[in-house]
Amino acid sequence: MPLGYTADEKLRTEQLSGLRRRWLKDQELSPREPVLPPPRGPISSFWDGFLKPRSLWRVYTYKACQAAGKTITWLLIPAWLAHYYLKYHIEAKPFGTVAVKPRIFPGDTIMETGEVVPAMRKEAHQEHH
């Protein structure tokens, strides 16, 4: 039995150590690194600041949406339900607060004006088609 590495194992170890050395050398920065992106225009810088996660407008927008949701949930929906219940279940008039106009027939007198509703005109022909 031979002691030590075989030729294939030695070759593999040399290749791996060479690769490690090259990788470590690649990790060193050159004098011209880091390469920074070119300066951006005023519009790009505005949008970068505008879209930051904790920017002021986002905080106020979030608070406004929360307030609107609570207002709708705790004020408008219960008010609508109370209005509906009062209008259609408590109110003594038929159909709630909706007033039904009285029917007017030919020959009736209109109370506000004292005018008599004229009779309906007869059509030229009374045949049904």
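This is a predicted model: local features need pLDDT of at least 70, side-chain atom pairs count only at pLDDT 80 or more; totals for chains, interfaces and linings use all residues.
1. Five aromatic pairs are present in the structure. In one of them, the ring centres of W47 and F50 are 5.2 Å apart with the planes at 85°, so this pair is edge-to-face. The angle clears the limit for that class, which is over 60 degrees. A pair of rings is described by two quantities, the distance of the centres and the angle of the planes.

2. Both members of the W47 and F50 pair belong to helix α2. They are three residues apart, which is about one turn of the helix. W47 is partly exposed at 42% relative accessibility, and F50 is also partly exposed, at 27%.

3. How are the rings of F50 and W57 arranged, stacked or edge-to-face? Their centres lie 4.4 Å apart and their planes meet at 5°, so the pair is stacked. F50 thus takes part in an edge-to-face pair with W47 and in a stacked pair with W57.

4. The ring pairs join F46, W47, F50 and W57 into a cluster.

5. S55 sits in the loop that runs between α2 (42-50) and α3 (56-90). With a relative accessible area of 11%, S55 is buried, because the limit for that class is under 20%.

6. Which backbone oxygen does the side chain of S55 reach? It is that of K52, at 3.2 Å. Setting aside neighbours within four places in sequence, S55 is in contact with G49 and F50.

7. The largest pocket holds about 160 Å³ of space. Its lining consists of P102, R103, I104, D108, T109, I110, M111 and E112. Sorted by class, these are four nonpolar, one polar and three charged residues.

Key
Residues are numbered from 1 along each chain as its sequence is written. Side-chain values use heavy atoms; hydrogens and water are left out. Helices (H or I, at least four residues) and strands (E, at least two) are DSSP runs, numbered from the N terminus. Buried means under 20% relative accessible area, exposed over 50%, partly exposed in between (1.4 Å probe, protein chains only). A polar contact is a pair of N or O atoms within 3.5 Å; within protein, one must be able to donate a hydrogen and the other to accept it, and residues adjacent in sequence count only if both atoms are side-chain atoms. Contact means heavy atoms within 4.5 Å. On a 1 Å grid over the protein atoms alone, a cavity is a set of points where a 1.4 Å probe fits but cannot get out, and a pocket is an open set with protein on both sides within 12 Å along at least five of seven lines; lining residues have an atom within 4 Å of a point. Grid points are joined across faces, edges and corners, and a volume is the space filled by probe spheres set on the points. Ala, Val, Leu, Ile, Met, Phe, Trp, Tyr, Cys and Pro count as nonpolar, Asp, Glu, Lys and Arg as charged, and the others, Gly among them, as polar. Rings of Phe, Tyr and Trp (its six-membered ring) pair if their centres lie within 6.5 Å; planes under 30 degrees apart count as stacked, over 60 as edge-to-face and the rest as tilted.
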